[in-house]
Amino acid sequence: MEVLKSVLQDQVDLNGNFHKVGARPKFSDIELISLNLTSEYLSIDSESLLFKKLKSEYREQFPNMIDRTQYNRRKKCLFGYIEWV
């Protein structure tokens, strides 16, 4: 996440979200992008496996974890940034 913050520092606010109108999400855009990139790096192809692992083994590290539906919806919106990074 620190690398993403430094790369995207001019495009995100202090909470790690891209500048947009609306409510600020608890699970930031930077967290979502880093989770996506990490899962790809670890070759976790199944989102159900990813979320099962996060809920069982890493619950404390992700206190504001979103559900899979929100993850997919926001990932689609952030696709351009993910590809850019």
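Predicted model: local features only at pLDDT ≥ 70, side-chain atom pairs only at ≥ 80, totals over all residues.

Student: What elements does the chain have, and in what order do they run?

Tutor: There are 5 helices and 0 strands, and from the N terminus on the order is α-α-α-α-α.

Student: How much of the chain is buried?

Tutor: Buried residues make up 31% of the 85 residues. The accessible surface comes to about 6200 Å², and 52% of that belongs to carbon and sulfur atoms.

Student: Why is Glu47 called buried?

Tutor: Buried means under 20% relative accessible area. Glu47 has 18%, so Glu47 is buried.

Student: Where is Glu47 found, and what is it in contact with?

Tutor: Glu47 is found in helix α3. Leaving aside neighbours within four places in sequence, Glu47 is in contact with Arg68, Tyr71, Asn72 and Lys75.

Student: How do you know that the side chains of Glu47 and Asn72 make a polar contact?

Tutor: A polar contact needs a pair of N or O atoms within 3.5 Å, one able to donate a hydrogen and the other to accept it. The side chains of Glu47 and Asn72 make such a contact at 3.0 Å.

Student: Why does Leu37 count as partly exposed?

Tutor: Partly exposed lies between the 20% limit for buried and the 50% limit for exposed. Leu37 has 28% relative accessibility, so Leu37 counts as partly exposed. The place of Leu37 is in helix α2, and beyond four places in sequence Leu37 is in contact with Leu4, Ile82 and Val85.

Student: And why is Ser6 partly exposed?

Tutor: Ser6, in helix α1, has a relative accessible area of 43%, and so Ser6 is partly exposed too. The side chain of Ser6 reaches the backbone oxygen of Val3 at 2.8 Å. The C-alpha atoms of Ser6 and Leu37 are separated by 16 Å, although these residues are 31 apart along the chain.

Student: How do you know that the span of helix α2 is close to the expected one?

Tutor: Helix α2 covers residues 29-41, which is 13 residues. After α2 comes Ser43, whose phi is positive, near 60°.

Student: Which residues of α2 are buried, and what covers them?

Tutor: The buried ones are Asp29, Ile30, Leu32, Ile33, Ser34, Leu35, Asn36 and Ser39. Their cover includes α1, α3, α4 and α5.

Student: Which residues touch the most other members of the largest nonpolar core?

Tutor: Of its 17 residues, those are Phe18, Leu32, Ile33, Leu35, Leu50, Tyr71 and Leu78. Helix α2 gives the most to this core, with 4 residues.

Student: What does Leu32 touch?

Tutor: Not counting residues up to four places away in sequence, Leu32 touches Phe27, Ile66, Tyr71, Arg74, Lys75 and Leu78.

How values were computed:
Residues numbered from 1 in each chain as written. Heavy atoms only, no water. Helix = DSSP H or I, 4+ residues; strand = E, 2+ residues; numbered from the N terminus. Expected span 1.5 Å × (residues − 1). Buried < 20%, exposed > 50% of the residue type's maximum accessible area, 1.4 Å probe, protein only. Contact = heavy atoms within 4.5 Å. Areas by Shrake-Rupley, 256 points an atom, 1.4 Å probe, with all protein chains shown as cover. Core = buried A, V, L, I, M, F, W, Y, C linked by side-chain atoms within 4.5 Å.
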